[in-house]
Amino acid sequence: ETGTTEVVVPVQLENANTITGFQFDLYLPTGFSVATDTYGDYLIEMNRTTTRRHNLDTRILDNGCQRILCSSMTNATFTGNSGTVLSLTLSVAANVEAGSYPVSLKNIVLTDPQAVRYTSGDVTGNIVVKLPDPITIKANNLTMTYGDEVPALTFATEGAELVGVPQLSCEATKTSPVGTYPIVVAKGTVENKRITYVNGTLTITKAPVTIAAGTYSKKQG
């Protein structure tokens with residue numbers, strides 16, 4: 001499938017000291033990137049309760065990592081356990097295989113109101129990519145009598161919740177010879193990713209025929 005899936009990753013700050021700003025380099029595995037909006041701005045949301053007086057800057061370094069800088073020109077501080085200070089929206093390419101992928105924050109630098117710099121050890125987390133739940137879409141078997149209109153084609157599902165509507169088709173018409181015809185089920189507008197399609201069968205049976213002898217009379221001889 002084409003397209004991407006977005007996932008939001010929180011970045012937390014657990015600081016014993018009073019901090020006015022921080023910087024780190026974000027390393028993402030192949031197939032991951034920081035999502036951007038319509039205007040090309042990175043989708044990095046600052047927690048308004050702790051960083052409303054802070055500025056955010058980000059750029060891609062030569063080695064491919066993303067440097068993210070959160071700073072304050074007014075010495076506004078993070079105090080105590082500030083919890084989630086940034087939320088990073090990452091784009092995950094559709095062709096990324098299921099598995100666990102490491103996300104690293106390196107070269108972490110914290111700055112206090114006196115411009116004293118503190119360094120931190122690297123931090124590594126994991127994003128687990130799971131396969132979507134499977135769904136089976138099965139065309140229902142139908143029967144009609146020769147000469148009747150073809151009945152409405154229907155389907156049933158098993159597994160995940162269906163998103164969208166599949167396309168059903170059958171080449172039989174009301175004048176098709178007696179026999180069986182496949183009911184083909186296809187994607188249509190279905191958005192599910194792991195799909196199994198099962199075709200059905202339309203059976204055309206013989207139409208009943210009534211043959212009656214005529215009634216006649218005659219005179220003797």
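A: By class, the lining of the second largest pocket splits into 15 nonpolar, 6 polar and 1 charged residues (Ala, Val, Leu, Ile, Met, Phe, Trp, Tyr, Cys and Pro count as nonpolar, Asp, Glu, Lys and Arg as charged, the others, Gly among them, as polar). Keep in mind that the model is predicted: local features need pLDDT of at least 70 and side-chain atom pairs 80 or more, while totals for chains, interfaces and linings use all residues. Numbering runs from 1 along each chain as its sequence is written, and side-chain values use heavy atoms, without hydrogens and water.

That lining takes in 22 residues, with Val-11, Gln-12, Leu-105, Ile-108 and Val-123 nearest the pocket centre. Strand E1 (4-14) gives the largest share, 6 residues. At least two residues each come from E1, strand E2 (21-27), strand E7 (81-93), E8 and strand E10 (123-129) (strands are DSSP runs of at least two residues, numbered from the N terminus). The space inside is about 420 Å³, a volume filled by probe spheres set on grid points joined across faces, edges and corners. A pocket here is an open set of points on a 1 Å grid over the protein atoms alone, where a 1.4 Å probe fits, with protein on both sides within 12 Å along at least five of seven lines; lining residues have an atom within 4 Å of a point.

Notes. Helix = DSSP H or I, 4+ residues; strand = E, 2+ residues; numbered from the N terminus.
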